[in-house]
Amino acid sequence: MSKIVFACLSLISGFLIGFLAFPTLEVYYQILISIGFSIASLLALIILFFIVLFFLTIWEPLKKERTKQSKYYRKVLLFYNYFLFDLFNMKIQYSGLEKLKRGEKYMVISNHRSNLDSLLIDTYLKEFGLVFVAKKSLFKIPFVRRIIHGCNYIYLDRGDIKQECRAIKKGINILNDSNDPCSVGVFPEGTRTINKDYTLGEFKPGCFNLAKKTKCKIVLSCTRYTDLVNKGLLFKRHKVFYDIIGIIDYEEYKDMNTIELSKLCHDKIEEYLKERIK
């Protein structure tokens, strides 16, 4: 919708400037001027969006560590997500939300094919508290870093073992906090894995300490085709999917170590994907 609104405003402003501001010019030149101002107006509106986003997020103190998720910044994140989905012509098909219960905490895991993956998951689970374990590069992006800091995302530096342990500990504290019904999202592959047959990369067993230490349920989920959005980014309709496959209860994995649990989750998600990728 936002893209349609932006396009209409741009066309109207371009027409008004091209035909009303230059009435003495030939029609050919008026049309060229209208097109030029329409494009300029569209770019100006997009820039205006990010200016608004700047003022919405400027107040978040990055040096102060958060312990709770801000409802305000979660709404700002959703605002940002919807804008990007619309701008990139994404048609998203979700499924499986009925498997989750309000008030329960989960470790939400998924395959990872695009930086859009967490945005899809966060949007679908907007009625649930959810923070992601996020790589350090995301905390360097203007606007984004303030939003995810306000949402209490967990900073992760895979090159620093001590920092990884602190990240896991923060995730455990979030899941153990009885006063804050917030789940934790993780991409166990640790990085994006993009291939045609949707074979998953190896899962990092360490992240499953989040579940083992808190006895929470594990949500198995997956995204499809998010890696293709960058092809014909603004001009092609992109159909993408996010599916919640199922839930693994603590009773099912309590006798497993993190390596066994990691493999179980890996195989279930990979099997689901291969059945749907032709």
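Modeller: Gladly! Let's begin with "buried": a residue is buried at under 20% relative accessible area, exposed at over 50%, and partly exposed in between, using a 1.4 Å probe and protein chains only. This is a predicted model, where local features need pLDDT of at least 70, side-chain atom pairs count only at pLDDT 80 or more, and totals for chains, interfaces and linings use all residues. Residues are numbered from 1 along each chain as its sequence is written, and side-chain values use heavy atoms, leaving out hydrogens and water.

Biologist: Which residues of α6 are called buried?

Modeller: They are Q163, A167, K170, G171, I172, I174 and L175, so each has under 20% relative accessible area. Of the 278 residues of the chain, 46% count as buried.

Biologist: What do the buried residues of α6 pack against?

Modeller: Their partners are β2, β3, β4, β5 and α7 (209-214), where contact means heavy atoms within 4.5 Å.

Biologist: How do you know that β2 and β5 pair?

Modeller: Two strands pair if DSSP finds at least two bridges between them. Strands β2 (residues 106-110) and β5 (residues 182-186) have three bridges, in the parallel sense, so they meet that rule. Within this pair, V108 stands opposite G185 in β5.

Biologist: Why are β1 and β4 said to stand at the edges?

Modeller: The open sheet runs β1-β7-β6-β2-β5-β3-β4, with mixed pairing. β1 (90-95) and β4 (154-156) each have a single partner strand, so one side of each lacks a neighbour in the sheet.

Biologist: What is the volume of the largest pocket, and what makes it a pocket?

Modeller: On a 1 Å grid over the protein atoms alone, a pocket is an open set of points with protein on both sides within 12 Å along at least five of seven lines, whereas a cavity is a set where a 1.4 Å probe fits but cannot get out; lining residues have an atom within 4 Å of a point. Points are joined across faces, edges and corners, and the volume is the space filled by probe spheres set on them. The largest pocket has about 640 Å³. Of its 34 lining residues, the closest to the centre are S114, N115, L116, S118 and L138. β3 gives the most to this lining, with four residues.

Notes: Helix = DSSP H or I, 4+ residues; strand = E, 2+ residues; numbered from the N terminus.
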